[in-house]
Amino acid sequence: MEKGLISVDRWSDHSQAYFLTHLHSDHTHGLSSSWTKGPLFCSRLTAKLFPFRFPNFKLSLLRILDIGSWHSFVLVSPSSGSETTVDVMAIDAHHCPGAVMYLFRGDFGCMLFTGDFRWEATDGRAKIGRTMLLNALERDRVNILYLDNTYCNPSFSFPSREAASQQVVDIIASHPKHDIIIGIDTLGKEDLLLYISRSLKVKIWVWPERLQTMHLLGFNDIFTTKTSLTRVRAVPRYSFSINTLEGLNKVRPTIGIMPSGLPWVVKPSEVNDNPVSSSISNLSGNRLRINGGPCTEINKKGKLRSVVRFHQYIYSVPYSDHSCFPEIEDFIKLVQPVSIKGIVSSSFCYIEPLYYFGRLCGVETSSQRLPRKSEWRDKDKNIGAKTKSNSGSSNLTDAGKRKRKIDFLGIHLRRVSVVRRAQCGAKIVENDSP
């Protein structure tokens with residue numbers, strides 16, 4: 001596509017039309033209440049949440065795209081000055097409220113931008129999205145797929161979000177005398193909280209701003225800001241840390257649950273005392289013994305366990321709003337793109353998607369070397385790749401190169417990055433988040 005026509009989740013470029021996939025902060029960097037560069041296209045639910053996120057924004061700039069319907073608009077070619085018609089369809093991305101993928105069609109061919117997405121084979125909404133996408137493509141082939149490659153690594157294989165939700169419920173139920181702290185973002189994981197509330201018949205505490213978001217989403221009775229009404233609290237992820245949990249346990253027995261596909265790179269608990277021993281059952285009927293002692297992060301096949309206890313007070317559950325590796329592969333097989341470009345250009349496990357999936361596009365995988373970040377930044381500035389960084393990550397200097405690397409799930413991390421994450425309570429960049 002010619003530069004200067006369309007920008008997706010990029011707000012500093014000079015384009016004629018701008019598209020927002022969802023309202024997570026890593027997709028709105030550069031967008032503000034005073035932004036007035038041009039028409040901004042988004043889903044109806046994102047438009048509803050928009051004024052709360054960006055007060056005083058000029059709402060006349062918003063253009064609502066109904067999911068599953070084609071919308072046409074005319075742009076002017078910056079090079080030739082001639083008019084060109086672009087068709088676009090928004091498709092549910094199953095990531096967070098309002099999140100959509102964009103399918104574009106025009107003189108440039110066919111282009112699909114997933115934004116952040118979760119493509120669960122067994123999920124009802126994903127099945128509807130699959131049919132919608134196939135019908136929209138008809139017999140056309142996607143020329144370029146801009147892909148959410150957050151977990152584009154074979155080590156990542158997640159359970160369904162329903163199964164992960166049940167794991168969270170099992171943990172809570174096995175600690176009837178404890179307060180529960182769950183780390184979430186400012187948007188997302190609502191289905192998890194609803195599942196907990198309905199399964200355990202409890203209200204869930206959220207902070208005041210989050211309660212406003214819940215009300216905008218139509219959840220008026222389940223959530224509360226009164227701590228006296230419930231022992232289950234959903235807190236901002238940035239406030240979820242080992243230090244916080246240790247402090248709370250000086251007042252009252254408390255456990256923390258981090259629902260995320262991103263593993264905590266910290267040493268598992270090795271305490272000798274066993275204050276909160278319990279046994280957890282998952283949906284398949286397998287039982288995982290949880291206690292205050294060591295817990296292995298990786299099983300013999302190199303895959304993450306379903307529930308991991310990384311600290312005396314903290315559990316990590318693989319509830320992810322991003323597609324894992326097998327789901328990404330299934331999606332690519334469905335779409336059959338000519339080319340793929342990852343939208344996550346800097347992460348702890350960044351690998352160019354063509355390295356793994358080039359064979360599905362007719363590209364020789366062996367010829368695909370991993371690109372340098374400097375090369376990546378020069379590409380696709382009009383439909384740009386977003387950047388996610390993790391605590392402690394940077395370009396390796398001569399001193400950095402001497403840092404010892406740790407092999408975790410086939411991914412190399414510098415020791416300094418691991419130490420910083422541990423010191424920060426293994427805080428997680430907003431992927432789902434994670």
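**Labels and the values behind them**

Modeller: Happy to, and keep in mind that this is a predicted model. Let's start with helix α7, where the buried residues are Phe325, Glu327, Ile328, Glu329, Phe331, Ile332, Leu334 and Val335.

Biologist: What makes α7 mostly covered or mostly open?

Modeller: Eight of its eleven residues are buried, and that makes α7 mostly covered. The cover over those buried residues includes β7, β8 (109–113), α2, β9 (144–147), β19 (339–342) and α8 (353–357).

Biologist: You mention α2. How do α2 and α7 pack?

Modeller: Helix α2 (residues 124–137) packs against helix α7 (residues 325–335) at about 30°, and the axes are 11 Å apart. Angles under 35 degrees count as roughly parallel, so α2 is roughly parallel to α7. Their crossing is right-handed.

Biologist: Which residues make that contact?

Modeller: From α2 you have Arg130, Leu133 and Leu134; from α7, Phe331, Leu334 and Val335. Sorted by class, the contact has five nonpolar, no polar and one charged residues.

Biologist: Why would residues three or four places apart point the same way?

Modeller: An α-helix has 3.6 residues a turn, so residues with that spacing point the same way.

Biologist: Now the aromatics. Why is the pair of Phe19 and Phe104 called edge-to-face?

Modeller: There are 24 aromatic pairs by the ring-centre rule. For Phe19 and Phe104, the centres are 5.0 Å apart and the planes sit at 90°. Pairing needs centres within 6.5 Å, and planes over 60 degrees apart count as edge-to-face, so this pair is edge-to-face.

Biologist: What does that pair tie together?

Modeller: Phe19 is in strand β2 (residues 17–19) and Phe104 in strand β7 (residues 100–106), so the pair ties together parts 85 residues apart in sequence. Both Phe19 and Phe104 are buried.

Biologist: And why is the pair of Phe50 and Phe54 called tilted?

Modeller: Their ring centres are also 5.0 Å apart, but the planes are at 40°. Stacked needs under 30 degrees and edge-to-face over 60, so this pair is tilted. Phe50 and Phe54 belong to one aromatic cluster with Trp11, Tyr18, Trp35 and Phe57.

Biologist: How do you know whether Phe50 and Phe54 are buried or exposed?

Modeller: Buried means under 20% relative accessible area. Phe50 has 0%, so it is buried, and Phe54, at 6%, is buried as well.

Biologist: What makes the phi of Asn56 stand out?

Modeller: Most residues other than glycine have a negative phi. Asn56 is not a glycine, yet its phi is positive, about 70°. Asn56 lies in the loop between α1 (44–53) and β4 (62–65). Exposed means over 50%, so Asn56, with a relative accessible area of 77%, is exposed.

Biologist: How does Lys189 read?

Modeller: Lys189 has a positive phi near 70° and is found in the loop between β10 (179–184) and α4. At 4% relative accessibility, Lys189 is under the 20% limit, so it counts as buried.

Biologist: Last one: why does Asp148 count as buried?

Modeller: Its relative accessibility is 1%, under the 20% cut-off, so Asp148 counts as buried. Asp148 lies in the loop between β9 and α3. Leaving aside neighbours within four places in sequence, its contacts include Thr114, Gly115, Asp116, Phe117 and His322.

Key. Residues numbered from 1 in each chain as written. Predicted model: local features only at pLDDT ≥ 70, side-chain atom pairs only at ≥ 80, totals over all residues. Heavy atoms only, no water. Phe/Tyr/Trp six-rings, centres within 6.5 Å; stacked < 30°, edge-to-face > 60°. Helix = DSSP H or I, 4+ residues; strand = E, 2+ residues; numbered from the N terminus. Buried < 20%, exposed > 50% of the residue type's maximum accessible area, 1.4 Å probe, protein only. Axes fitted to C-alpha atoms, helices over the stretch in contact; angles between N-to-C directions. Parallel < 35°, antiparallel > 145°, perpendicular 65-115°, else oblique. Left-handed = near helix turned anticlockwise from the far one by under 90°. Contact = heavy atoms within 4.5 Å. Nonpolar A, V, L, I, M, F, W, Y, C, P; charged D, E, K, R; others polar.
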